[in-house]
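Hi everyone, thanks for coming.

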Amino acid sequence: MSVAPIAITGMGCICAAGRNLSDSMEALLRGERHPAPPVRFASNHPVRYPVFEAVDFEEPPDLLRTSAFALHAAREAVADARLDRKTLGALRVGVCVGTTVGAVMSEETCCRGYLAGDAPDMAPIRRILRSNPADVIAREFDLSGPRQTVVTACSSSTDAVGIAGSWIRAGLCDAAIAGGADELGRITYIGFISLMITDDSPCKPFDQHRKGLNLGEGAAMLVLASERVLRRSGMRARSFLLGYGSAGDAYHLTAPRPDGAGLRSAISEALATSGVSSASVAFVNAHGTGTADNDRVESRVLHDMLPGTPFLSTKGYTGHTLGAAGAIEAVFTAACLEMGKIPANAGYETPDPEIGTTPVREVTAVSGTVALSESLAFGGNNSVVVLGKA
């Protein structure tokens, strides 16, 4: 059964590709990417795996970097929606933010000192307690609606966007700020290296010679509003959240189910709730991590369910931003629909015969009005949003 579309009235983003959504999209269309060994933290690992650290921005000293990312993107999204505090104050506005590892991992020094029997400064603990990403955004704009921080691994912010849409449809709030944020840190960096799924060179999603992912960091936020609020406030819709689907594999802690059953269910649900057919999809912004298992399973599902539909991964420009990935890719997807074109799948050179389908290799024009953005996550989480052009 299809559901009512939710207007997307504003979007914001910060990542390795740019300090805002406009700069990021320009970098993607130019094919720019700059993975490099991390500079914000040190590691004694003999291999200096490249990452995508976000561009410099103003970080409030009393917040964790993850929440600073979230706030930066939220401010851009609210400004893009042409909202002010007075208008926001007259609405019930919810906040739903996805994250994965960014909440406390950056305070390793304090934890080590405590475990060693020292009495470390409690400033880092106070910073952690102030840094729930949803609370930070709600405090900033004095919002009165529901708030939630979602942690479903790499599908976190796709789920956050879908959940926020369901709040609006259920009448729990008039509008919502939804998205995701995550930061890079030493523990995350070493942890993914230990899983042996990181590439020691720039990542190559869907390429035959892919060796794994590059980590990234950043945030993206969307301002969502009901049609009623849209008419009453005079806001314009940049695009629409048409549908959302989520399903679990129940197969493995980290690997996707080989037949992609969970992803197939999530795509089917997302299309059904959006009321559009698979033939109407102009392109797919795939999860596309560059790992052997993910790209093989995801591409086979796309080949079966959306044959001939152009697809790409934007992680070659941002790295895998973990809990922020779904939201960053959702705003990229909406922006591509607006522009009528999608960037090349960065890092792709050699077709993989085991996959049997290929992503776009150059900037490609798209003429449709509907696109999918997918997230596959540890724990077997699969989440998909359907976005529509205004």
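Let's start with E32, which counts as partly exposed because its relative accessibility is 32%; on this scale buried means under 20% relative accessible area, exposed means over 50%, and partly exposed lies in between, with a 1.4 Å probe and protein chains only. The side chain of E32 meets that of R30 in a salt bridge, at 2.8 Å from N to O. By salt bridge I mean a side-chain nitrogen of Lys or Arg within 4 Å of a carboxyl oxygen of Asp or Glu.

A quick word on ground rules: this is a predicted model, where local features need pLDDT of at least 70 and side-chain atom pairs count only at pLDDT 80 or more, while totals for chains, interfaces and linings use all residues. Residues are numbered from 1 along each chain as its sequence is written, and side-chain values use heavy atoms, with hydrogens and water left out.

In one of them, R210 pairs with D295, and the closest N and O atoms are 3.8 Å apart. This pair links distant parts of the chain, 85 residues apart: R210 is in the loop between helix 8 (186-194) and strand 6 (215-216), and D295 is in helix 11 (residues 292-305). Helices (H or I, at least four residues) and strands (E, at least two) are DSSP runs, numbered from the N terminus.

Next, R238 and E338 meet through their side chains in a salt bridge of 2.7 Å, N to O. Here 100 residues separate the partners, with R238 in the loop between helix 9 (227-233) and strand 8 (239-248) and E338 in helix 13 (residues 325-339). R238 is buried at 18% relative accessible area, whereas E338 is partly exposed at 32%. Through shared partners, salt bridges join D80, R236, R238 and E338 into one network.

A cavity is a set of points on a 1 Å grid over the protein atoms alone where a 1.4 Å probe fits but cannot get out; lining residues have an atom within 4 Å of a point. Grid points are joined across faces, edges and corners, and a volume is the space filled by probe spheres set on the points. The count is 1 cavity of 30 Å³ or more, and the largest cavity holds about 40 Å³ of space. Its lining includes Y49, Y189, D199 and L213. Thanks, everyone!

Definitions and conventions
1 Å grid on protein atoms, 1.4 Å probe; cavity = no way out; pocket = protein on both sides within 12 Å on 5 of 7 lines; lining within 4 Å.
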